[in-house]
Amino acid sequence: MQQSLEERFPDVLFYNPALTEVQDNVVIGAGSRVGSMTVVHRDARVGTGTTIGSHCNICACTIGNNVSIQTACHITRGVTVEDDVFIGPHVVTLNDKLKGDPMIYPYIEKGAKIGGGSTILPGVRIGANAVVGAGSVVTKDVPPGALVVGNPARIRQPAPDSPA
């Protein structure tokens, strides 16, 4: 008999376990919460104190501690999300440039904030404490501490310690 989600992850709160799928070989840290209609795919690693909203698709990726992933996000295979990151609703990460090349994965550093509706293209690195404005399409790396907005996302405000 298959164990329930509550039995498999006794220190995790599932908002509606009957409407949540967590595949095999998944780690979800204590104190985390997972919303309804969310799928956490095989081999995903989720840290402690992390919130994953409803209607999310979390592929085989690594998510740190104290991360907030809002409703309807797609975190694709191979992505790394470091600790203390905020990802707004409807954010999509991509890992395939559709040119037949090997997949390359976005990387989101500690403390970054990504506004709702943004798209992070394959191989893009979002620097520590950077901010991506809502609805942005991030096609290039974002320096640590910078604010980027738009389609394509452009630096609106450099990091406080960088030359203008």
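This is a short tour of the structure, stop by stop, with something to select at each one.

The model is predicted, so local features need pLDDT of at least 70 and side-chain atom pairs count only at pLDDT 80 or more, while totals for chains, interfaces and linings use all residues. Residues are numbered from 1 along each chain as its sequence is written, and side-chain values use heavy atoms, with hydrogens and water left out.

**Stop 1**

Colour by strand. Helices (H or I, at least four residues) and strands (E, at least two) are DSSP runs, numbered from the N terminus. Two strands pair if DSSP finds at least two bridges between them. Strands of a sheet pair through backbone hydrogen bonds, either parallel or antiparallel.

Now follow the order β1-β4-β7-β10-β13-β16-β19-β21-β22. These nine strands form an open sheet with mixed pairing. Go to the edges, β1 (13-14) and β22 (154-157). Each has a single partner strand, so one side of each is left without a neighbour in the sheet.

Select residues 86-87 and 113-114 next. They are strands β13 and β16, which pair in the parallel sense over two bridges. Click F86: its bridge partner in β16 is K113.

**Stop 2**

Move to β21 and β22. Three bridges join them, and they run antiparallel. L147 stands opposite Q157 in β22. The hairpin has four residues between the strands, and G150 takes a positive phi near 105° there.

Select N151 and P152. The peptide bond from N151 to P152 is cis, with omega near -5°. P152 is found in the loop between β21 (147-149) and β22. Most residues other than glycine have a negative phi, and most peptide bonds are trans.

**Stop 1: two positive phi angles**

Which loop holds M37? Look between β4 (33-34) and β5 (39-40). M37 is not a glycine, yet its phi is positive, about 60°. At 44% relative accessibility, M37 counts as partly exposed. The scale here is relative accessible area: buried means under 20%, exposed over 50%, partly exposed in between (1.4 Å probe, protein chains only).

Then select N66, in the loop between β9 (62-63) and β10 (68-69). N66 also has a positive phi, about 55°, although it is not a glycine. Its relative accessibility is 46%, so N66 counts as partly exposed.

**Stop 2: the six-strand sheet**

Switch to β3-β6-β9-β12-β15-β18. This is an open sheet of six strands with parallel pairing. Its edge strands are β3 (27-28) and β18, each pairing on one side only.

Pick out residues 80-81 and 107-108. Strands β12 and β15 lie there, run parallel and are joined by two bridges. V81 has I108 as its bridge partner in β15.

**Stop 3: the core**

In soluble globular proteins, nonpolar side chains tend to be buried together. A nonpolar core is a set of buried Ala, Val, Leu, Ile, Met, Phe, Trp, Tyr and Cys residues joined through side-chain atoms within 4.5 Å. The largest one has 38 residues. Select I28, I58, I69, I87 and I126, which touch the most other members.

Zoom in on I58. Contact means heavy atoms within 4.5 Å. Leaving aside residues up to four places away in sequence, I58 touches V39, V40, H41, A44, I52, I63, I69 and I75.

**Stop 4: cysteines**

Check C56, which is buried at 3% relative accessibility. Its closest cysteine sulfur is in C73, 4.9 Å away, too far for a bond. C59 is buried too, with a relative accessible area of 13%. From its sulfur to the closest cysteine sulfur, in C61, is 6.9 Å, too far for a bond.

**Stop 7**

Show R125 and Y107. The charged end of R125 sits over the ring of Y107, 4.0 Å from its centre. That label needs NZ of Lys or CZ of Arg within 6 Å of the ring centre and within 35 degrees of the ring normal.

End at L121, in the loop between β17 (119-120) and β18 (125-126). L121 is partly exposed, at 25% relative accessibility. It touches L94, P106, V137, V138 and T139, not counting residues up to four places away in sequence. Last, draw a line from L121 to R33: they are 88 residues apart in sequence and 27 Å apart in space, C-alpha to C-alpha.

Key. A disulfide is a pair of cysteine sulfur atoms within 2.5 Å.
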